[in-house]
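These are my notebook entries on a structure that I consulted for the first time. I record what I looked up, entry by entry.

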Amino acid sequence: MTETATLVPYDEAISRYEPVIGLETHVELGTKTKMFCGSPASFGADPNSSVCPVCLGLPGSLPVINRTAIEYTIKIGLALNCSIASWCRFARKNYFYPDMPKNFQISQYDEPLCTDGWLDVMVGDEQVRIGIERVHLEEDTGKSLHVGGATGRIHGADYSLVDYNRAGIPLVEVVTKPVPGTGALAPVVARAYVTELRDLLRVLGVSDVRMEEGSLRCDVNTSIAPRGSGTWGTRTETKNVNSLRSVERSVRFEIERQAAVLDAGGRVVQETRHFHEDNGSTTPGRSKEEAQDYRYFPEPDLVPLAPSREWVEELRASLPELPAARRARLQEEWGLPDLDMTALRNAGALDLVADTVAAGAGPAEARNWWLGELSRRANESGVELTALPVTPAQVARVAALVASGELNDRLARQVLDGVLAGEGSPDDVVATRGLAVVSDDSALLAAVDKAIAANADIAAKVRSGKTAAAGALVGAVMRETGGRADASRARELILERLAAG
Ligand SMILES: [Zn+2]
């Protein structure tokens, strides 16, 4: 089924062509009820149980606008620095599809609720401003399930089932302006934008933004034109990309593919394309409909939408601290350099570190544990940091035990071993594994004397004034005590002993 595309290696493609990207992100809003009726907007219910005459499109039923969906959309618009329309109308988008019971979709066309904003994203330590064209509301469609075929697609299926539970769930579409000038970074910028938008929507509390469950999904537009030509190429639209990594890969693939088309003297076809998770490729879907194919007209069953200025200002005042502002505040409070903050974000560790600091750890210690030892453990087990079975409070406790000298770094790592293995709290693990630092002089002196006796040549060097050589003796003491010695106290004792000798 899939064509084999000819590709130009990425670096070569980008050396001769300049990409322009654009993103259309669909967000299922987390309202209790659907966009135009009182049916529950919940996931996971039995098929066709969350439906009513309105969302089933039965004759005589009339839609009513969901106030919470409007509120959420205005909040999104405000957080994206958009202008909020004081008057706008919904439009009817006409097309036939079996999972759309009314044979039209109520959407917004030439009168979107929010327009002309922007979102700043960080790529490395560079800030890129992404223009926002519009934020509009529409209703989602139902879901078709094709039964009996090998692929789960309609071709080869014995029959198809339709579930209308999702039909009518409020869906916000956030459309960027075209983003030129990102060069080789285009795929990374696309990913950074979706990441930032996801974090923003999460903080606003308007959606659960789970990409893997389809509550956040992206259409990714990509075009390329010869460098220096001053023109933009024809764009393709890769539909329903549903992970951050896939957003990045789909842009990259389209740049490589379109470069090969242009190199061969061909032209890029304006079309929608499907992204394939398994190999990171895209294949053609349908050729893109023009707006006139949908015969848009103002929805006659709904009154115009006219949010008052007072309401909009009330919503503006109610906005929570947004991710970029929070990051700037935390960075200032923590005194960490830009690179550290970028590393924390990339590792998905910002909230973990914030919670660890809130539980009493120093910012530098919290950063070190999460980005160092715990990131390594997460990589080894192939899980996200947040999925490790250790809480920020437990990490803060380990940091406190290190700060008070009850644990050294090596013992602290063993305590984390125990916590990760499910042996209980850090204090439980210290008690059951007997991991506390030995700082008691009488216990340490026995090990110190043994180390000196076993390393007479090194001891002689230290006696003659080469105190740096004492490190080897400290190492011997650590081995002798199974790593539990208080290293700085051991060093003091060694120097005392050898000075006295
Ligand atoms: Zn309904």
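How many bridges join strand β5 to β6? I found nine bridges between strand β5 (residues 114-123) and β6, which run antiparallel. I note that the model is predicted, that local features need pLDDT of at least 70 and side-chain atom pairs pLDDT 80 or more, and that totals for chains, interfaces and linings use all residues. Residues are numbered from 1 along each chain as its sequence is written, and side-chain values use heavy atoms, with hydrogens and water left out.

**Entry 1**

I took strands and helices as DSSP runs numbered from the N terminus (strands: E, at least two residues; helices: H or I, at least four). Two strands pair if DSSP finds at least two bridges between them.

I then followed β6 to strand β9 (residues 170-176), with which β6 pairs in the antiparallel sense over seven bridges. There Glu-139 stands opposite Pro-170 in β9. For burial I used relative accessible area with a 1.4 Å probe and protein chains only: buried is under 20%, exposed is over 50%, and partly exposed lies in between. Of the 14 residues of β6 (residues 126-139), 10 are buried, so the strand is largely enclosed by the rest of the structure.

**Entry 2: the zinc ion**

Which atoms coordinate the zinc ion? I listed Cys-37 (SG), Ser-39 (OG), Cys-52 (SG) and Cys-55 (SG), at 2.1 to 2.3 Å. Donors are N, O and S atoms within 2.8 Å of the metal (3.2 Å for Na, K and Ca); water is not among the atoms, so sites may look incomplete. The spacing of the donor residues in sequence is C-x1-S-x12-C-x2-C. Ser-39 and Cys-55 both lie in the loop between β1 (17-28) and α2 (67-79), 16 residues apart. I found Ser-39 buried, and Cys-55 as well.

The angles between the four donor atoms run from 96 to 122°, which makes the arrangement tetrahedral. The term requires, for four donors, that all angles lie between 85 and 135 degrees. For comparison, the ideal angle for four tetrahedral donors is 109.5 degrees.

**Entry 3: further strand pairings**

I traced an open sheet of three strands in the order β4-β3-β14, with antiparallel pairing. Because β4 (104-107) and β14 (297-298) stand at the edges with a single partner strand each, one side of each is left without a neighbour in the sheet. Strand β3 (residues 91-94) pairs with β4 over four bridges, and I noted Ser-107 in β4 as the bridge partner of Ala-91.

Elsewhere, strand β10 (residues 216-226) and strand β11 (residues 236-241) pair in the antiparallel sense over four bridges. Cys-218 stands opposite Val-241 in β11. Is the pairing of β11 with strand β12 (residues 271-276) parallel or antiparallel? I recorded three bridges between these strands, which run parallel.

**Entry 4: salt bridges**

I counted as a salt bridge a side-chain nitrogen of Lys or Arg within 4 Å of a carboxyl oxygen of Asp or Glu. By this rule the count comes to 41 salt bridges.

One of them joins Glu-111 and Arg-89 at 2.7 Å, N to O. Glu-111 lies in the loop between β4 and β5 and Arg-89 in the loop between β2 (83-84) and β3, so the pair ties together parts 22 residues apart in sequence. Glu-111 is buried at 17% relative accessibility, whereas Arg-89 is partly exposed at 31%.

I also looked up Asp-219 and Lys-239, whose side chains meet at 3.2 Å, N to O. This pair links strand β10 with strand β11, 20 residues apart. Asp-219 is buried at 1% relative accessibility, and Lys-239 is partly exposed at 22%.

Asp-340 forms a salt bridge with Arg-367, the closest N and O atoms being 2.8 Å apart. The former lies in helix α7 (residues 338-346) and the latter in helix α9 (residues 363-371), so parts 27 residues apart in sequence are tied together. Asp-340 and Arg-367 are both buried.

Terms used
Tetrahedral: all angles 85-135°; square planar, octahedral: opposite > 155°, others 65-115°.
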